[in-house]
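Have the model open as you read.

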2 protein chains.
Amino acid sequence: MTNAAAAFSSLDPHPLPPAYGQLASALREANLLRSTGAVLTWDQETMAPPRGIEHRSRQLALLARLQHERTTDPRVGDWLGELEADRGFIESGSMEAANVREARRDYLRETRLPVEHVSEFAEVVSNAQQAWIGARRDSDFPAFEPWLTNIVALTRDRAALLGTPEGGEPWDALADAFEPGCTAAHVTAIFTPLRARLVAFIAEIAGASRRPSDEFNDHELPLETQQLFVRHVIARLGFDLSRGRLDTSTHPFCGSTHCHDVRLTTRYDLRCVNDALGSSIHEAGHGMYEQGLPEREIGLPSGTAVSLGIHESQSRMWENQVGRSRGFWQWCTTAMRSHFAPSCDRFSVDELYGAANVVKPGLIRVDADEATYNLHVMVRFELERRLVSGALSVGELPGEWNRLIKEHLGVTVPNDRLGCLQDVHWSMGAFGYFPTYTLGTLYAAQFHEAARREIPGLEDGYSRGEFEPLLRWLNAGIHAHGRRYSSAELCQRVTGATLSAEPFMAHLEGKLRPLYGL
Amino acid sequence: MTNAAAAFSSLDPHPLPPAYGQLASALREANLLRSTGAVLTWDQETMAPPRGIEHRSRQLALLARLQHERTTDPRVGDWLGELEADRGFIESGSMEAANVREARRDYLRETRLPVEHVSEFAEVVSNAQQAWIGARRDSDFPAFEPWLTNIVALTRDRAALLGTPEGGEPWDALADAFEPGCTAAHVTAIFTPLRARLVAFIAEIAGASRRPSDEFNDHELPLETQQLFVRHVIARLGFDLSRGRLDTSTHPFCGSTHCHDVRLTTRYDLRCVNDALGSSIHEAGHGMYEQGLPEREIGLPSGTAVSLGIHESQSRMWENQVGRSRGFWQWCTTAMRSHFAPSCDRFSVDELYGAANVVKPGLIRVDADEATYNLHVMVRFELERRLVSGALSVGELPGEWNRLIKEHLGVTVPNDRLGCLQDVHWSMGAFGYFPTYTLGTLYAAQFHEAARREIPGLEDGYSRGEFEPLLRWLNAGIHAHGRRYSSAELCQRVTGATLSAEPFMAHLEGKLRPLYGL
């Protein structure tokens, strides 16, 4: 045994330099603090008593400060410098070398933000959360306006501290935290033609002579059974409930403490189980990515998701390519009938499949169908880009929001609760985040097209409740690599092509044209 | 306004020295870390998915280490020295001076424990928790024995590091963390005569010709209604649910993050609502103490409970002096009938009051009645004292446990699940903790006797569901002072006497003699 181990070790052409172990320990400790904050944030959204929030904000601010101290420790810079000087190690193409590359990226970014800024930001957004919840409930934008003004000012400070990339704009520096290398120019290049195609296609749908029945989306089902049903579905798709939870919150999210502790939330509408079903499958898609990250790499870049765009590709694929497919509904109709018996017996597979694919321009992004969803994202991108540049003031936001929603979707916003107060992101200071939803939607379609090519009978399996082949394929091709490859590299490796809107439009038109008789 | 404020300020004879502000900031930051650990521990016991526990242990170990670094920071010692040299400040009798005294006490204690010990202890007990849960479920002491052996060894190290007080024994150094100044000799001096009186009284009860009916304690009631009912009762007693929660866990506890975030747990027995009722009222008693601590002092000794004995006096008083009184049951019978209608209609007030006061020697401490409860505590005290001194090995524990339970309570322990695996404390490394239950029971009776003297019609009020006079009296006399006074000083101030077992025996005999026709 000892000899064999020694022989194996001597075969390794690049033994790890000692500084790597020191760097890895420091990163893992910073991750313990990050993941502690993740538990506290989840708790704040799901469990904490209302009066405890102020103290919670102070706890989160302290954790953010401590994490920042660790990620910006000058010794991290020293270890990185030492490792980068070891060319044999760096050019080995190993996961460890990729970790050094990614750790350098994070270090450069973090060292640009002074600890006071990080701490203030964390405390302001934690308190702003509560203000947003109240303002949204009461549709009272003026109550939230001072908070958002403060957050936008801090965000502009942050963009200035991070520095605008050459030839770019301040928004790019913010987006880079969510989607490395993402720029407003690149997003615009994808969004502009896509918007034109979507607006034209939605107009075509609006004029269609046939349309799926919407009846099931106004069919009351009891809360407790909805909860059991949704849990059954995500477990069947592959979300491991012994390594995660599903709870209720105002805004559905997926929080990750560790690959063995992944927490999803959803919300329930008694009259539309598809609401909780869609959002739970979506969050479970995020959750299966987190659960699929390699356990021994947790705390290092190799144990972390690539980007929000790639994260969203996982949630969108399970939500749309799987959860809105004809095959899925063939399996799901049976599951639904047995859970809600006899309340769902009268709906056929085709009626349920149709109801999950109704296209109807509306006011709320998270309720939007696959065709109109991306237009909501485009509106937010345009607005936040202008808020960050200073071209739009916070006071002008509701008016501009309402104007753009009308222009893109043809609907009139009656109040700010259904308008610019609907999303949690800006109250969390997450500017540069929204476009990753559409990028993820495009990646999802492109990845799923590749999975269909590579897994024989993939979609037939869905109709029998067989989802494991897709999950295993995603585990091996995407989840297992952590941040080893960039989004662009991963897309090329998995699909053999660069990101394009074609697979998404093919998916959308291929499904909706028959349903609408176009 | 400004002039008035200046005038007020100039009336203060002892302006706070600058070192006080620095000390207070450091203590408050350590408390943010402590309270973060409290959220994570609560989450581990109530919410965390099973596979997430290992990562949780690492998070808790890091938090314990960071908290320890702060509480042992040499600057804390410098600030304390500087403040102690300011005689005018120290002798002012102010709350701030008391904070310096208590902070010195904590500092001396904490600086005796090296960071490696604290971190190892935290990680071992966090993992041991899961081992204990499994071993208890399977009644498998050998599975838990290596964990407990490890914990006892670490505990003996801890006692040695803390140092035995002059004329004392190692156990004293451990107990001091829970009950400042508590010694095995003092506990023995109280326990020995009390044991004799209790054993004699229980024998008298066993021979009584009359006894209350136990029928209600085997009366099945639905879980959901039990949950609503218990919540209703603790809210009526005064536990503020906008500043706290009530959840379910294996072992009931009260966790405190902040006076505005106090989390209780209980457990439910379908055939005995008195189980959840008693434990919820008990934990709510702890919770009302935590909610009653002064908000602006949180993080300082003046915003912290005096000791576990005093903490237990609050839980015991609400559980026993209130929750097992004839008056309480007059109110509670109506509440119970309306919640469980018609299932409880046939029980009279006297039957329900009697059922809550049945004396029956049994195996489980937390299920024990008021008369036999303290004998359980005495057994644990004797065993842990010997484990800590080395006179008893962990392997001998089950046999000794069973022997002492038989000797004190006359019952035979059939397996370790109902024997030495029943309590969570030792798996948490909490040696020196158990006697505080009986000390608290004695304080509870003595405090309540004082409340009866001072609040006219106190117990008549219970029969009308009026519990606020007692809570306000406890808020003002006990909760508001934090650690300003020691247990002994507080007892003297509130009751005008030193701690004695007389009020407890008077309470017990005064209630049980009529019920048993003695």
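Let's start with the sheet: three strands of chain A form an open sheet in the order β1-β3-β2, with mixed pairing. Strands here are DSSP E runs of at least two residues, helices are H or I runs of at least four, and both are numbered from the N terminus; two strands pair if DSSP finds at least two bridges between them.

| Edge strand (chain A) | Residues |
|---|---|
| β1 | 244–248 |
| β2 | 254–258 |

Each of these edge strands pairs on one side only. On average, neighbouring strands are turned by 20 degrees against each other, direction ignored. β1(A) runs parallel to β3 (residues 261–266) of chain A, with five bridges between them, and A:T248 has A:T266 in β3(A) as its bridge partner.

Helix α2 (residues 18–46) of chain A lies across β1, β2 and β3 of chain A, at about 145 degrees to β2(A). Axes are lines fitted to C-alpha atoms (for helices, over the stretch in contact), and angles run from 0 to 180 degrees between N-to-C directions.

This is a predicted model: local features need pLDDT of at least 70, side-chain atom pairs count only at pLDDT 80 or more, and totals for chains, interfaces and linings use all residues. Residues are numbered from 1 along each chain as its sequence is written, while chains are lettered from A and ligands numbered from 1 in the order in which they are written.

Now the interface: 26 residues of chain B are in contact with 26 residues of chain A (C-beta atoms, placed from the backbone, within 7 Å). α2(B) gives the largest share of chain B's side, seven residues.

How values were computed. Two residues are in contact if their C-beta atoms, placed from the backbone, lie within 7 Å.
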